[in-house]
Amino acid sequence: MSSNVKTSAISGCVIWLVLISFIGSCILPIFFVVGTISSFSEFAIRTTGGWLCPEGTTPQSHTYATTSRDENGFEHPATGYELQCVDASGEVVKTDPILYSFIWIGIWAGIGLIVSAVLTFILAVPGGMLVTRVLNSMRVTRSNPV
């Protein structure tokens, strides 16, 4: 195996690891926040309710007054959200206060992983070529000092 091929392979792996770390640390938190904020939407309720609700029921969002604690332990008024599966007569068959939001946030985190991987592969080739070019120029400079 030639020296240039080894350099390209090593630099490609290093560039890929650096890029996935950098891009992932920027992209994933954004998608996580989007998933968290949008988990209260009707679209999230309908999407996850299609998987969680028994057949013949309709997923609906239900809000209720509750309290939450701040970092100092003091209670403050808050709004709670839950998924309710309602049958044709209007009776609530199933209630899910948390699983639907975990699934929804997980979907957005998965999308963030896919976007990170695609961006990494798009940027890895030019980055690897740049590193190879720099390493080769350093090698030429060392072997032919001025």
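Cys-53 is buried, with a relative accessible area of 10%. Buried here means under 20% relative accessible area, exposed means over 50%, and partly exposed lies in between (1.4 Å probe, protein chains only). The model is predicted: local features need pLDDT of at least 70, side-chain atom pairs count only at pLDDT 80 or more, and totals for chains, interfaces and linings use all residues. Residues are numbered from 1 along each chain as its sequence is written, and side-chain values use heavy atoms, with hydrogens and water left out.

**The disulfide**

Cys-53 is joined to Cys-85 by a disulfide, S to S 2.0 Å. The pair links distant parts of the chain, 32 residues apart. Cys-53 lies in the loop between helix H2 (42–52) and strand E1 (58–69), while Cys-85 sits in strand E2 (residues 75–86). The link is left-handed, with -80° about the S-S bond. Cys-85 is buried too, at 1% relative accessible area. A search of the whole structure finds one disulfide (a pair of cysteine sulfur atoms within 2.5 Å). Cys-26 counts as partly exposed.

**Overall layout**

Three helices and three strands make up the chain's elements. From the N terminus on, they run α-α-β-β-β-α. Helices (H or I, at least four residues) and strands (E, at least two) are DSSP runs, numbered from the N terminus. The chain has 146 residues, and 25% of them are buried. Its accessible surface comes to about 9700 Å², of which 70% belongs to carbon and sulfur atoms. Accessible areas come from the Shrake-Rupley method with a 1.4 Å probe; for residues, only the protein chains shown count as cover. Among contacts (heavy atoms within 4.5 Å) between residues at least 6 apart in sequence, 60% join residues at least 24 apart.

**The strands**

E2 runs antiparallel to strand E3 (residues 92–96), and four bridges join them. Two strands pair if DSSP finds at least two bridges between them. E2 and E3 form a hairpin with five residues between them. Gly-90, in the turn, has a positive phi of about 95°. Leu-83 stands opposite Asp-96 in E3.

Ser-61 belongs to strand E1. Setting aside residues up to four places away in sequence, Ser-61 touches Glu-42, Ile-45, Tyr-81 and Glu-82. Ser-61 and Asp-96 are 35 residues apart in sequence, and their C-alpha atoms are 9.9 Å apart in space.

**Salt bridge and surface patch**

The structure holds one salt bridge (a side-chain nitrogen of Lys or Arg within 4 Å of a carboxyl oxygen of Asp or Glu). Glu-75 forms it with Arg-69, the closest N and O atoms being 3.2 Å apart.

A nonpolar patch on the surface is formed by Ile-114, Val-118, Leu-119, Ile-122 and Leu-123. Together they have about 440 Å² of accessible area. Patches are made of residues with over 30% relative accessible area and no salt bridge; like charges are joined within 9 Å, nonpolar side chains (Val, Leu, Ile, Met, Phe, Trp, Tyr) within 5 Å. Ile-122 is found in helix H3 (residues 99–143).

| Residue | Relative accessible area | Class |
|---|---|---|
| Ser-61 | 26% | partly exposed |
| Cys-26 | 35% | partly exposed |
| Glu-75 | 48% | partly exposed |
| Ile-122 | 52% | exposed |
| Arg-69 | 58% | exposed |
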